[in-house]
Amino acid sequence: MSTQWYPGKAVTKSVQITNTASGATQTMTDLVFEISIQSSMYDYHSFCEIQVIDALNFLSNFPIEAGNKIDIKIQYENSTQDYEFYVTKISKIQQIDKERTYSIEAISKLGFLSMSKKWSCAYFGTTSEMAASIFNEFDGGKVGIWEESKGARWFISPQWTPTKALSYLASESISVDGKNRFVFFQNCQQEYNFCPVETLGRKGPII
C-alpha cells in the first residue's frame with residue numbers, strides 16, 4: 001500500500017547507531033517511538049531526543065555510550081532528510097512489564113566535539129574568514145548561509161572550544177554595510193549559519 005501523504009507527515013525510514021570506537025553498527029528503527037529535533041539561534045547546535053520502547057533488550061546487547069553516532073533518515077512527501085547526531089546521554093529509563101523505555105539525547109558533531117576539545121591558535125582575516133577557517137578545521141558540517149563580514153584583524157583562540165570561538169567571532173562580526181551584527185547557529189536541517197539576523201529575514205524560514 002502506498003503511503004498516504006498529508007501536510008506535515010514524515011516517515012522514519014531508518015535509525016542506525018554506530019559505536020565510534022569499534023565501528024560496530026546496529027539498526028534500531030523499529031524500537032523508535034518518537035524523534036524530536038530542535039534548534040535555536042541561541043543554542044548554536046541542533047539537538048535530538050529519541051524516545052525508545054525496547055522489548056528486545058537492545059540496551060544490554062548493544063550498550064549505548066556517549067559519543068556513539070546516530071544516523072537518522074526521515075522521508076517527506078517530496079524529499080528525504082539525513083541527520084547525524086552524537087549521543088550525550090541516556091535518560092528517563094523505566095521498566096514497564098517486559099519492556100524498557102528510555103530517551104537517547106544527542107547533539108550535532110561539532111557540538112559534541114566542543115564538549116571536550118579546546119585549542120590555541122592565531123588567525124588573521126575578516127571575522128567571517130577566520131570563522132570559516134575554524135569551522136572547516138573541525139569539520140563542522142553543512143553550511144546554510146555564511147556571509148562576508150567587514151574589516152580584517154587578528155584573533156587568538158586562548159584554549160577555547162570551537163563553539164566558543166565561533167560564537168565570539170559572530171558577536172564581533174558586522175555586515176559589509178556596517179549596519180548589522182552576526183549570529184552563529186545550526187538549523188533543523190543541520191546547516192550552520194553565520195550571518196546577520198536581517199539576512200535570515202530576507203531568505204525566509206531558515207531556522
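Which residue in strand 12 stands opposite Val 183? The residue is Cys 195. The model is predicted, so local features need pLDDT of at least 70 and side-chain atom pairs pLDDT 80 or more, while totals for chains, interfaces and linings use all residues. Residues are numbered from 1 along each chain as its sequence is written, and side-chain values use heavy atoms, without hydrogens and water.

**Sheet**
- Three strands form an open sheet in the order 9-12-11, with mixed pairing (strands are DSSP runs of E, at least two residues, and helices runs of H or I, at least four, numbered from the N terminus; two strands pair if DSSP finds at least two bridges between them).
- Strand 9 (142-146) and strand 11 (182-186) are the edges, each with a single partner strand, so one side of each has no neighbour in the sheet.
- Strand 11 pairs with strand 12 (residues 191-196) in the antiparallel sense over five bridges.

**Aromatic pairs**
- The structure holds 17 aromatic pairs (Phe, Tyr and Trp rings, the six-membered one for Trp, with centres within 6.5 Å; planes under 30 degrees apart are stacked, over 60 edge-to-face, the rest tilted).
- Phe 58 and Phe 62 form a tilted pair, 5.8 Å centre to centre with 40° between the planes.
- Both Phe 58 and Phe 62 are buried (under 20% relative accessible area; exposed is over 50%, partly exposed in between; 1.4 Å probe, protein chains only).
- Tyr 86 and Phe 112 are stacked, at 6.2 Å and 25°.
- Tyr 86 belongs to strand 6 (residues 80-96) and Phe 112 to helix 2 (residues 109-113), so this pair ties together parts 26 residues apart in sequence.
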